[in-house]
Amino acid sequence: MSDSTEFREGPAVLEDEEEVKRPCLIMIKGDFIGQVYELQKDVTMIGRSDEVELVVSDISMSRKHAMIVDRTDGFHVSDLGSTNGCWVNKDRVSEPTKLEEGDKLTLGNVVFKFSYQDKDDTQYHLMLRNMAIKDGLTRIYNKRYFTETLEKEFEFNRRNSVGLAIILFDIDHFKQINDTWGHPAGDFILKNLAELIETVARGYDVFARYGGEEFVFMLRGAPLVAAAALAERVRCEVEGHTFNYDELELKVTISLGVTWWGGGDSIASGGELVEAADRRLYEAKDAGRNCVCHDPLPGGEDN
């Protein structure tokens, strides 16, 4: 995934000795709650820039925000002249400060806990992270994660005008599947449709379950024509797929709406961008379902 909250993580365990405790930062506030980053190097720089070792693209972070150095007496953190400051527990860092087990390291709006972790500890925090950001049935991102990430991407696009596309879709006549074959069959369709789309779709930044039988893609920096092409590819894959549930061979189709925003004043929030995609989705339903409706393409080419 290449979303704006990219978290460049190191291997959780480098050796077979599961009992060995290794120095780690655990995100306890931010987009990747529960993510464990092992401090493997003598120097670890943290910030929004791609030039640092630990990339956290939160708008409160400076490009090069803080630095952690492994010294003979332990790990020390320094503020690199950040805009929003660096704190260890409640004390602002003005000079290199030694990190102790359990210390909270606050960088802008993001908070880490410094700890020594073994393999079991790491797996536990990974489970907590997945519970926080993944949908329990489909195992793709949940609406909360999507909404929070979208607002950050929206602000990034407002400043940089790289383009932001949303594809919103749902399963046609899904209620009939539940009414005819039961909710377990409906859940089977939802879970396996998400797996199918993750397998065949490429070029998206976030794929999430938006609610019920509704799903959403967010594409950063993709032009409208690429987003529309992805939507059509997904539609064709779903239409051509057979879902084998017990002894049943079930077929479904989807309707998709696509919108694109270049960073101007026509859209005021991420929520408005989703609403624009939702209007295109309803155009697809009014057009007979099992189709893609999108904003007008450059050059006047329409749906």
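Which residues is Leu105 in contact with, leaving aside its neighbours within four places in sequence? The list runs to Leu25, Ile68, Val77, Cys86, Trp87, Val88, Val110, Val111 and Phe112. Keep in mind that this is a predicted model.

**Nonpolar cores**
- Leu105 belongs to the largest nonpolar core, which has 42 residues.
- Within that core, the members touching the most others are Leu105 itself, Leu25, Ile68, Val77, Phe112 and Phe146.
- There's also a second, separate core, this one with 35 residues, including Ala165, Ile167, Val238 and Val292.

**Helices H4 and H5**
- Helix H4 (residues 183–200) packs against helix H5 (residues 224–239) at an angle of about 130°, and their axes are 10 Å apart.
- An angle over 145 degrees would count as roughly antiparallel and 65 to 115 as roughly perpendicular, so H4 is oblique to H5.
- The crossing of H4 past H5 is right-handed.
- On the H4 side, Leu193, Leu196, Ile197 and Val200 make the contact, while H5 brings Arg233, Val234, Glu237 and Val238.
- Sorted by class, that contact has six nonpolar residues, two charged ones and no polar ones.

**Positive phi without glycine**
- Asp246 isn't a glycine, yet its phi is positive, at about 55°.
- You'll find Asp246 in the loop between strand S15 (243–245) and strand S16 (248–250), and at 69% relative accessibility it counts as exposed.
- Arg289, also not a glycine, has a positive phi of about 70°.
- Arg289 sits in the loop between helix H6 (270–286) and strand S18 (292–294), and with 32% relative accessibility it counts as partly exposed.

Technical notes: Residues are numbered from 1 along each chain as its sequence is written. This is a predicted model: local features need pLDDT of at least 70, side-chain atom pairs count only at pLDDT 80 or more; totals for chains, interfaces and linings use all residues. Side-chain values use heavy atoms; hydrogens and water are left out. A nonpolar core is a set of buried Ala, Val, Leu, Ile, Met, Phe, Trp, Tyr and Cys residues joined through side-chain atoms within 4.5 Å. Buried means under 20% relative accessible area, exposed over 50%, partly exposed in between (1.4 Å probe, protein chains only). Contact means heavy atoms within 4.5 Å. Helices (H or I, at least four residues) and strands (E, at least two) are DSSP runs, numbered from the N terminus. Axes are lines fitted to C-alpha atoms, for helices over the stretch in contact, and angles run from 0 to 180 degrees between N-to-C directions. Angles under 35 degrees count as roughly parallel, over 145 as roughly antiparallel, 65 to 115 as roughly perpendicular and the rest as oblique. A crossing is left-handed if the near helix is turned anticlockwise from the far one by less than a right angle, and right-handed if clockwise. Ala, Val, Leu, Ile, Met, Phe, Trp, Tyr, Cys and Pro count as nonpolar, Asp, Glu, Lys and Arg as charged, and the others, Gly among them, as polar.
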